[in-house]
Amino acid sequence: MESPDFLGLFISEAREHIEGQAALLARARASALEREEIHDLFRHAHSIKGMAAAMSFPRMSALAHAMEDLLHLWRDGAVTPTPETLELLTRASDRLSAQVDAIAAHSDLPGGEEIERQIRALCPDPMGDAPVASTAWPGGVGSPESRAGGRGESAAGQGEAGANPMPTPDDPRPRLLVDIAIRPGAPLPGARAVVILKRLEEHGRVLEISPSLHVLATGHFSGRLRVVLASSVAPDRLGSIAGDLPDVAACHVAPAASPDDATAEDDRRLMQRRAPPDRRASEAGVPGRANEEGRGAGPESTGEGVGRAEAISTIRVATERMDHLLDGIGELILDRERLKRALAPEPGSREAEILEGFGRTVDALRDEVMTMRLLPFSSIVPRLERAVRDLAGRLGKDVDLDVRGTEVSLDRSTLEEMIDPLQHILRNSIDHGLEAVEERRTVGKPARGRIEIELSRRDERVCLAVSDDGRGMDPQALRRVAVERRMLSRELAMRLSDEEALMLVTIPGFSTATRTTDISGRGVGMDVVRMRVQKLGGHLIIRSQVGVGTRLEMDLPPTVTVTRAFLCRAAGGIFAVPVSAVQATFQVRRDSVQASQGERVLRRGDDLVTVLPLGGILSGDRAAPFPDTFPALVYHVGHRAYALGVDEILGEEPIVVKPLRHPLELLPQYAGAAILNDGQIALIVDPVNLTRTARQA
Amino acid sequence: MPIRVLVVDDAMFMRSMIKDILVNAGGRYEIVGEASNGREAIARFRELNPQLVTMDIVMPQLDGIEATREILKVDPAAVIVMCSAMGQEALVVESISAGAKDFIVKPFTSERVLQVLAKILPGAGRGSAAP
């Protein structure tokens, strides 16, 4: 017995639909959509409506329903969207998103009644529940026109008259009048009536029905159905057959003396036989469903072959299970190393060969899972666009968001974790970075502010940059605030490079200080942003030019969790340094190191390399004397080269990265922890942040 | 012998709901396959020859009404039940006229779904909806 997590499924699938919607609406604002795209928009709203109803979220379902109806009219050309329409639909989509967020957070759903009302106001035919009918029923349930102004009857009659002469009422069997009441409150009573008609047809020939099929199909059916049937089934028997159908509240069958007996209502007409499909289709005038001729060349001609291939080419897997898979592979990788150590096979031996094959398989498996977890950045773009729209609207600023390189992929968890920080950054840009419209005009900038998100691959990393063309930040002002707030001594503050001074906004508490004095025009939550980026194994760099704008650069590892690291001994412990952070390792001779401007440097090729002792930094004694020779790991921060001196490099190994728990996560020099083969825990050193710490100390 | 069912809906969420209802109906139903669009539904129908198809109407690629027509060409005796949302009366009417046997309306309730199915599938046992 399975008990699926409906709520989880609902949330994730609803989000997919909402994001699909948002993407299409964004495109619609730029250029007219293809009919297929409008249909997709409709379909998204439709699916959300159904799902929300199934989960008993009536407010959400009602809002999606209104959207669905408007989109239906748009798709069928009955309304032409204006920018205001698109804006309204976008707001509705945003509201749906907020509702899903509230559902996920177990909080109260924000209402959408006002938006719903506005959408309904745009529908030219506000006939309650019924979307404009587009059925191909031969009775000609037709265009909106056929419903309006009482012309339904004639429009309905037309198609059939030509196709199929009235069924001749000369059936020799007795005529029965079947009078049926549909249970009040039954869903889709009109459709229920049609099902009943079909069932009755199995037992005789339907000669007349009241009300008309047109009424049944357009949601205006009151619940009372009368049918004249030519049938040799006994009235009692027919009564119990019909009475047993779902949603039939009452049924009465009696002999009908003449056709006129059943014609009390003016709305009556003869039940029509079904016309051949091609004819019905062309009458219905519903593209996509109708053009039988076009089918040979259409997608359907590729037929079942394609359908089958699609049926098995993708499956959906809960992300949690992917995480388990990755964890398992991480452990497998560690097992391989343990095995290698335990067996210590002779090179070239059979054991070595087997281990090597095992290793290759595990690596391939790891790469496969890593790739499976990758998602393009585009998958979170709609949320960012929504954030920008929201904030810009609320703050009364005009902002263009340009996102480039959206095809660059990142691990799913990294992407999810980056949504919040990116929203923080966008908020800062819009709230503090971008000037008000008048101010922009005064300084000769375009009235519309501009925010650019750019993604690029750089070696093994992904570079994510967010820039705005706002007022920028002044490093000098930041230094001054830091001193005023007694966060730094004057001397230290003056020693900070401009880049380091800009990083001051990422110190917890600094942002509030700058906000009150309103000097930086930036800083809310930047400490949170930096911490998150670091936790993901990335770094944050801030560049800014006063009056020109600010650019935040983050480099992130595209995949997570398993990484290769140098295991090093220093200060009596073992530390792991990710291989991806290190350019080279080499032996340092003490006599090659010179003092220069308070730092110890050596020349390596053309580079002047600053030597930092890992043990010394960690123990707070940076000036501790070096041994005669020691190994070092070379890395860069910006353009400067550093050599991290250690006591011993134990080797290069794959490690499973475990995040640090509070309060260790507050230490920027560590990127996490790894559990080693012997069960020891090694802190993973982040050389870049370690260097910053060392330089600020 | 349980009744072999093909569940067609583009939303996995909806498929799960129907599946949940059917597998908890005292062993009367067996889900033999799923499809997420009309084309897939036709292919799966040919392959699995299920005794019952629950068919969503609005789906990408090929909608449930067309799929119903195509399946009935393959097997005129196919039993197809449409899964409809509220406000889709016209589409349901069209589906029924295309040959679908009945319909169920979202949001689904177990009782309701089993009742409708029991009435169109004499072998499914009458009136014995799962608690």
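Q: What is the accessible surface of chain B, and how much of this surface belongs to carbon and sulfur atoms?
A: In this predicted model, the accessible surface of chain B is about 4,000 Å². Carbon and sulfur atoms hold 53% of that surface.

Q: What share of the residues in chain B is buried?
A: Buried residues make up 69% of the 131 residues. To be counted, a residue must have under 20% relative accessible area.

Q: What pattern does chain B follow along the sequence?
A: The pattern is β-α-β-α-β-α-β-α-β-α. Chain B has five helices and five strands.

Q: How do the figures for chain A read: what are its surface and its buried share?
A: The accessible surface of chain A comes to about 32,500 Å², with 51% on carbon and sulfur atoms. Of its 697 residues, 49% count as buried. Chain A has 24 helices and 23 strands.

Q: Why is Gly396(A) called exposed?
A: The cut-off for exposed is over 50% relative accessible area. Gly396(A) has 55%, so Gly396(A) is exposed. This residue sits in the loop between helix 15 (381-395) and strand 7 (399-404) of chain A. Its C-alpha atom is 9.9 Å from that of Asp431(A), which is 35 residues away along the chain.

Q: What makes the contact between Arg15(A) and Asp101(A) a salt bridge?
A: The closest N and O atoms are 3.0 Å apart. The limit is 4 Å between a side-chain nitrogen of Lys or Arg and a carboxyl oxygen of Asp or Glu, so the pair qualifies. Arg15(A) lies in helix 1 (residues 6-30) and Asp101(A) in helix 4 (residues 83-104) of chain A, so the bridge ties together parts 86 residues apart in sequence.

Q: Why do Arg15(A) and Asp101(A) count as partly exposed?
A: Partly exposed lies between the buried limit of 20% and the exposed limit of 50%. Arg15(A) has 25% relative accessibility. Asp101(A) has 38%. Both values fall in that range, so both residues are partly exposed.

Q: Is Arg75(A) buried or exposed?
A: Arg75(A) has 13% relative accessibility, and buried means under 20%, so Arg75(A) is buried. Asp76(A), at 35%, is partly exposed. The side chains of these two residues meet in a salt bridge, at 3.3 Å from N to O.

Q: How do you know that Asp555(A) and Arg461(A) form a salt bridge?
A: Their closest N and O atoms are 3.0 Å apart. That is within the 4 Å limit, so the label holds. Asp555(A) lies in strand 12 (residues 549-556) and Arg461(A) in strand 10 (residues 461-468) of chain A, so the pair ties together parts 94 residues apart in sequence. Both residues are buried.

Q: Which residues are linked with Arg112(B) in a network of salt bridges?
A: Arg183(A), Arg192(A), Asp247(A) and Asp102(B) are linked with Arg112(B). Over all chains, the structure holds 47 salt bridges.

Definitions and conventions
Residues are numbered from 1 along each chain as its sequence is written. Chains are lettered from A and ligands numbered from 1 in the order in which they are written. This is a predicted model: local features need pLDDT of at least 70, side-chain atom pairs count only at pLDDT 80 or more; totals for chains, interfaces and linings use all residues. Side-chain values use heavy atoms; hydrogens and water are left out. Helices (H or I, at least four residues) and strands (E, at least two) are DSSP runs, numbered from the N terminus. Buried means under 20% relative accessible area, exposed over 50%, partly exposed in between (1.4 Å probe, protein chains only). Accessible areas come from the Shrake-Rupley method with a 1.4 Å probe; for residues, only the protein chains shown count as cover.
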